[in-house]
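Biologist: Could you take me through the sheet and its neighbouring helices in this structure, reasoning through each point as you go?

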Amino acid sequence: MLTRNRLLFGVAALVALSLGGPAIAQAPIKIGEMNSYKVFPAFLDPYKKGIELAVEEVNAAGGVLGRKIEVVSRDDNGNPGDAVRVAEELLSREGASFLIGTFPSNVGLAVADFAKQRKVLFIAAEPLTDKIVWDQGNAYTYRLRPSTYMQTAMLVPDAAKLAKKRWAIVYPNYEYGQSATAAFKKLLKEKQPDVEFVTEQAPPLGKIDAGAVAQALADAKPDAIFSSLFGPDLAKFVREGQQRGLFKGVEVFNILAGEPEYLDPLKEEAPDGWYVTGYPWADIKTPEHTKFLTAYQAKFKDYPRLGSVVGYSTVISAAEAIKKAGSLDQEKLIAAMSGLTLTTPFGVIQYRPIDHQSTMGAYVGRLGVKDGKGIMKEWRFVDGKDALPSDAEVQKMRPKN
């Protein structure tokens, strides 16, 4: 009887293994994603929708390596320490194959350093600091969005044409704002050596005293202003500046201000004539964008924001890297990311081997108001590859690793 029971147990175990084997082999490929959802919901709620659309499309097309993909997301609270803890949790507890995401530049830099230490791929979706691919670049980190340098470089030609001598600057006082300011001052000075920067205001992120900042800028009597404010800080600055007449007769340049996330809340208060980078989603007629827009609106009954494009393109980048690598081995994934080319809603991009920066471009134009809503007008698309420093300059900045 004992022998018979053992035999039956053994047969049952073999059956379970034979049934379970394929199921285990076909388990989804997990991609670990972290972001500051509670801190920056205006951008990251649409971003999450972009992720969902991309995952759905990839899986409907058969997935990658014969398996579906699954994005496992965690909130990093906009805090570098929390982000590193979450990154470790995604790898160790959730079994993620590699990492994507992050929004604030300081958080992106912390996760990039973690990826270097753990020798795991990290595709930085949104952090815009130049350091992530240049000064502190590493072999395991790639970045999707055009950086502060790139977006500033797209605006500087217009700034130089105006030949305004006295410039005031306002920026959120953390890595992103500092990086944007440094790039603008460097690039404009190269084109206009006699330019003067008469004042700088650097309020803490999310805690701007907009009235005091606007008044300080007005007191300096600038000919033009460069701003990298965004979100609620930007809205408060616009309203206080308009009340004080700060913008009358003064040219204003603001990266990101044309993104629907930050432009839409201003409604009819959108400042006419500002030079901005952004996303005129309703007017883009390229095949790639039309396909994305149609799918997004069908799924969510809403229009996309810039965050939607970033989330979608990040997941497509991850899927294409796995396909190219033909493996989840980290070194093969890293090799696959180098020079990886793919199609996004903004057209074809490449992750450059020299610095791991993608060539995703941005839309540049001016703000206006139409039917009580802020819009981008007179816009043009600038390819990211045309807004980057030379290879020789990159080689001087990027560490040899």
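Biologist: What handedness does the β-α-β unit of β6, α6 and β7 have?

Modeller: The model is a predicted one. In it, β6 and β7 pair in the parallel sense over 5 bridges, and in one of these pairings tryptophan 167 has phenylalanine 197 of β7 as its bridge partner. Together with helix α6, these two strands make a β-α-β unit that is right-handed.

Biologist: Which strands form the edges of the open sheet?

Modeller: The open sheet has 7 strands with mixed pairing, in the order β7-β6-β8-β9-β10-β13-β14. An edge strand here pairs on one side only, and this applies to β7 (196–201) and β14 (373–382).

Biologist: How far apart are the end C-alpha atoms of helix α6, and what span should its residues have?

Modeller: Helix α6 covers residues 175–191, and at 1.5 Å a residue its 17 residues should span 24 Å.

Biologist: What covers the buried residues of α6?

Modeller: With buried taken as under 20% relative accessible area, the buried residues of α6 include Tyr176, Phe184, Leu187 and Leu188. The elements that cover the buried residues of α6 include α4 (105–118), α5, β6, β7, β8 and β9.

Biologist: Which residue of β8 stands opposite valine 170?

Modeller: Strand β6 is largely enclosed by the rest of the structure, because 4 of its 5 residues are buried. β6 and β8 pair in the parallel sense over 4 bridges, and the residue of β8 opposite valine 170 is serine 227.

Terms used:
Residues are numbered from 1 along each chain as its sequence is written. This is a predicted model: local features need pLDDT of at least 70, side-chain atom pairs count only at pLDDT 80 or more; totals for chains, interfaces and linings use all residues. Side-chain values use heavy atoms; hydrogens and water are left out. Two strands pair if DSSP finds at least two bridges between them. The expected span of a helix is 1.5 Å times one less than its number of residues. Buried means under 20% relative accessible area, exposed over 50%, partly exposed in between (1.4 Å probe, protein chains only). Contact means heavy atoms within 4.5 Å. A crossover is right-handed if, with the strands pointing away from the viewer, the path from the first strand over the helix to the second runs clockwise.
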